[in-house]
Amino acid sequence: MSHVLHRDLRNPLPTAVKGDGPYVIDSAGKRYLDASGGPAVSCIGHNHPKVIEAVRRQVGEISFAYSAFFTHPAMEALADTLTAQAPAGLSHAFFVSGGSEAIEAAMKLARQYFLEIGQPQRKHFIARERSYHGNTLGALSLGHDFNRRQTYEPLLLPVTHISPCYEYRERRADESAEQYGLRIANELEAAILKQGPETVAAFFAEPIAGSSLGCAEPVPGYLARLREICDRYGVLLVFDEVMCGMGRTGHLYACAEDGVTPDILTMAKGLGAGYQPIGAFLAHDKIVGALEKGSGQLKHGHTYAGHTMSCAAALAVQQVIAEENLLDRVKDLSTKLRARLNDAFGQHPHVGDIRGRGLFIGLELVADRETKQAFDPAEKKWLKFRQAGMAEGLITYPAAGCIDGKSGDHITLAPPFNLTDAQLDEIIEKMGTALKQTI
Ligand code: PLP
């Protein structure tokens, strides 16, 4: 009997004892090819010698330095590395322990910014329907995932939710992708006007919607229009790149491909690549400048903010990505993976859509390809697929669609950037078997 309070109290989990590149090995010696890096975390696979060495060196030097009392070289170097590659203006980094903490910190920074510049009435947040931004109460309030929110609804902040960018189901037949993007981006303007522009602090969105919409990417012009609207009403634009960032699209920052710069950018998951827990936000000069001129303090912090080993690991991950040219490898693997997925499942009667960017690819499962009708949620096809994949030795990240059928069950693939071509083939073959057993 386990004394761990596992998330699933009925079905025992396999015991992971070892990693081998992109494989997880359990206590029975079974190997699982991790085609999603858990939930888009393990972006360079397991046991990379450079990251192991960096963490070992760091713990030998100093294991902990409280960020209210000290800075330290790994944190400074990591901030330099991340801001040097960021869109212009995102000049400062703040480090936390994970994605939800990064979102909470971003919400609090937005609130503090408006106090510092004399607009204390700005405290309302806008986010998108069918989104996920984390499981702590602030982050859960921003998100709009029924399954995750339902239990905690009375504890959540009031947040306005607008439509996500979800071309597969929501672009009308009579509009181009650009027209669709404008139409839904304009919902932000309507929401700001309805709420009262002087009361809105920030709008949060993932450039590519990950866990709740299976890699639904922005249509051309959509992110730029959001930027324009935020600027018009003095609202901060926050891009949540916890899942889609850190190289997963073939660019260190997903928003770079669209050329749109947010005021705050959150990251986690691939930042530490699973070697250490770490998240962060990057903040724009204008925000940091306001704090400098105003109270001179960031009011938010946690005990483990900027942890030495987390920063050392994340810095080493960045060095591996640069030295091994992994952003180019992501682009190359992406083309190959898309081609293989299209060959294998492009005409599959129950795969409605294959989408995403880089090595962040989603497949939407449907009961009927022609009508796009989703599977009955009670059938839990997503869970069946996950279980069938695990039985085959394949890890993917499937998730349930909306209970109202507004989105179908989907499977997210987010494999390591240093996968071999043969491992791509293994993913496709095992997915084929898992799909046969699911439907
Ligand atoms: N934001 C996004 C887009 C996420 O996908 C997640 C986690 O899946 C989070 C925030 C929360 O991150 P964490 O689970 O590290 O707290």
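This is a predicted model: local features need pLDDT of at least 70, side-chain atom pairs count only at pLDDT 80 or more; totals for chains, interfaces and linings use all residues.
Now look at where the domains meet. On one side, 35 residues of domain 1 are in contact, and on the other, 32 residues of domain 2. If you want to know which parts of domain 1 face its partner, go through the elements that each give two or more residues to that side: the helices α1 (37-40) and α12 (326-345), plus the strands β11 (351-357), β12 (360-365) and β15 (410-413). What kinds of residues make up this side of domain 1? You'll find 18 nonpolar ones there, along with 11 polar and 6 charged.

The largest nonpolar core has 131 residues. Helix α11, residues 308-323, gives the largest share of this core, with 10 residues. The core also takes in both parts of the chain, drawing at least three residues from each of domain 1 and domain 2. Which residues have the most contacts inside the core? They are Ala 110, Phe 203 and Ala 280.

Leaving aside residues up to four places away in sequence, Ala 110 touches Ala 201, Ala 202, Leu 236, Val 238 and Ile 264.

In total, 15 residues surround the ligand, and the closest are Gly 98, Gly 99, Ser 100, Gly 134 and Val 242. By type, the shell divides into 7 polar, 6 nonpolar and 2 charged residues.

An open sheet of 4 strands runs in the order β1-β2-β3-β13, and its pairing is mixed. At the edges sit β1 (16-20) and β13 (394-395), each of which pairs on one side only. In general, strands of a sheet pair through backbone hydrogen bonds, either parallel or antiparallel. How do β1 and β2 pair, parallel or antiparallel? β1 and β2 (residues 23-26) run antiparallel, with 4 bridges between them. To spot this pairing on screen, look for Lys 18, which stands opposite Ile 25 in β2.

Notes: Residues are numbered from 1 along each chain as its sequence is written. Two residues are in contact if their C-beta atoms, placed from the backbone, lie within 7 Å. Ala, Val, Leu, Ile, Met, Phe, Trp, Tyr, Cys and Pro count as nonpolar, Asp, Glu, Lys and Arg as charged, and the others, Gly among them, as polar. A residue is near a molecule or strand if its C-beta atom, placed from the backbone, lies within 6 Å of it. A nonpolar core is a set of buried Ala, Val, Leu, Ile, Met, Phe, Trp, Tyr and Cys residues joined through C-beta atoms within 7 Å. A residue is buried if 20 or more other C-beta atoms lie within 10 Å of its own, exposed if 12 or fewer, and partly exposed in between; C-beta atoms are placed from the backbone. Domain bounds come from an automatic or database domain assignment. Two strands pair if DSSP finds at least two bridges between them.
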